[in-house]
Amino acid sequence: SIYVGVCDGHGLYGHLVSSYLISTLPQQVNIALQKDSLTINSPLNNMKETIIKTFKKINNDLITTSQIDTTFSGSTCVTLLVTPTRLLCANTGDSRAVLGSYINDNWCYRDLSRDHKPSEENEMKRILSSGGRIQPYKYENNNPIGPERVWLLDDDVPGLAMSRSFGDEIAHNVGVICIPEVGTFDLKEEDKFFVVASDGLWEFISSEECVKVIGSFYDKGDLSGAINFLYRESSKRWIIEEEVIDDITIVIG
């Protein structure tokens with residue numbers, strides 16, 4: 001089995017948070033699954049419980065012992081545990097994992113994770129009931145700009161554009177959580193590849209378009225060509241829309 005993931009840091013020390021996750025998460029998940037005698041074929045509820053427990057422990061360690069300032073800094077984390085017959089996805093934040101399948105001469109996609117945005121109904125409910133506020137940035141003339149963000153009720157911080165993350169202590173006071181959504185998927189012959197990427201890719205490229213692009217390179221056995229194309233294409237769209245480019249991390253397997 002292989003274990004892959006993408007951690008996308010944000011805030012001043014976000015790069016330190018994502019590095020911390022990359023260096024601790026695979027080992028900790030492996031230890032926890034072994035300790036609870038679980039494999040990828042174990043019942044989902046048992047797997048879920050162990051993975052959630054591990055994510056919470058890592059977040060606690062990050063805040064209490066890592067010496068990284070996580071007041072306003074944090075990271076997403078989406079991981080896949082993959083075997084030839086099954087995969088398990090655990091996601092916290094708005095990076096995304098997608099499965100590409102070839103069915104009836106067509107490339108089809110399936111989202112393996114859900115983007116944790118404050119605009120999602122159940123996410124919004126939790127944040128509002130925890131005393132948070134959800135609205136976009138506002139310019140001086142009160143014009144809203146960009147996505148919905150999480151704020152303290154009476155202070156214009158932190159302005160986090162996601163509803164789950166590691167770190168982000170201020171945002172975690174108002175309902176942002178590190179708990180992942182966990183799901184398992186049985187793989188069939190038509191399932192050809194997965195793609196895991198940060199929201200720098202998904203902001204302007206849909207799961208469907210992404211899988212079709214990769215499919216056209218897959219036929220030629222050129223997955224690195226697919227990554228280069230997607231990187232260039234999403235960068236181009238960022239510049240047209242925003243004048244800056246968000247971090248774009250893409251893994252295909």
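Trainee: Is Ile-250 buried or exposed?
Mentor: Good place to start, and keep in mind that this is a predicted model. Ile-250 has a relative accessible area of 13%. Buried means under 20%, so the label for Ile-250 is buried.

Trainee: Which strand does Ile-250 lie in?
Mentor: Look at the stretch covering residues 250-252. Ile-250 belongs to that stretch, which is strand β14.

Trainee: How far is the C-alpha atom of Ile-250 from that of Arg-114?
Mentor: Along the chain, these two residues are 136 residues apart.

Trainee: Let's turn to Glu-242. Is Glu-242 buried, partly exposed or exposed?
Mentor: Its helix is α7, residues 223-242. The relative accessibility of Glu-242 is 41%. Buried is under 20% and exposed is over 50%, so Glu-242 counts as partly exposed.

Trainee: Which residues gather with Glu-242 in a patch of negative charge?
Mentor: Happy to show you, as this patch sits on the surface. Besides Glu-242, the patch holds Glu-203, Glu-241 and Glu-243.

Trainee: What radius of gyration does the chain have?
Mentor: The C-alpha trace spans about 55 × 50 × 30 Å along its principal axes. For 253 residues, a compact globule would have a radius of gyration near 18 Å. The chain agrees with that, at 18 Å.

Trainee: What share of the residues counts as buried, in a chain with how many helices and strands?
Mentor: The chain contains 7 helices and 14 strands. Of its 253 residues, the share that counts as buried is 49%.

Methods
Residues numbered from 1 in each chain as written. Predicted model: local features only at pLDDT ≥ 70, side-chain atom pairs only at ≥ 80, totals over all residues. Heavy atoms only, no water. Patch = residues over 30% accessible without salt bridge, like charges linked within 9 Å, V, L, I, M, F, W, Y side chains within 5 Å. Areas by Shrake-Rupley, 256 points an atom, 1.4 Å probe, with all protein chains shown as cover. Salt bridge = Lys/Arg side-chain N within 4 Å of Asp/Glu carboxyl O. Lys, Arg positive; Asp, Glu negative; His and termini not counted. Charge placed at Lys NZ, Arg CZ, Asp CG, Glu CD. Helix = DSSP H or I, 4+ residues; strand = E, 2+ residues; numbered from the N terminus. Buried < 20%, exposed > 50% of the residue type's maximum accessible area, 1.4 Å probe, protein only. Rg over C-alpha atoms; globule rule 2.2 N^0.38 Å.
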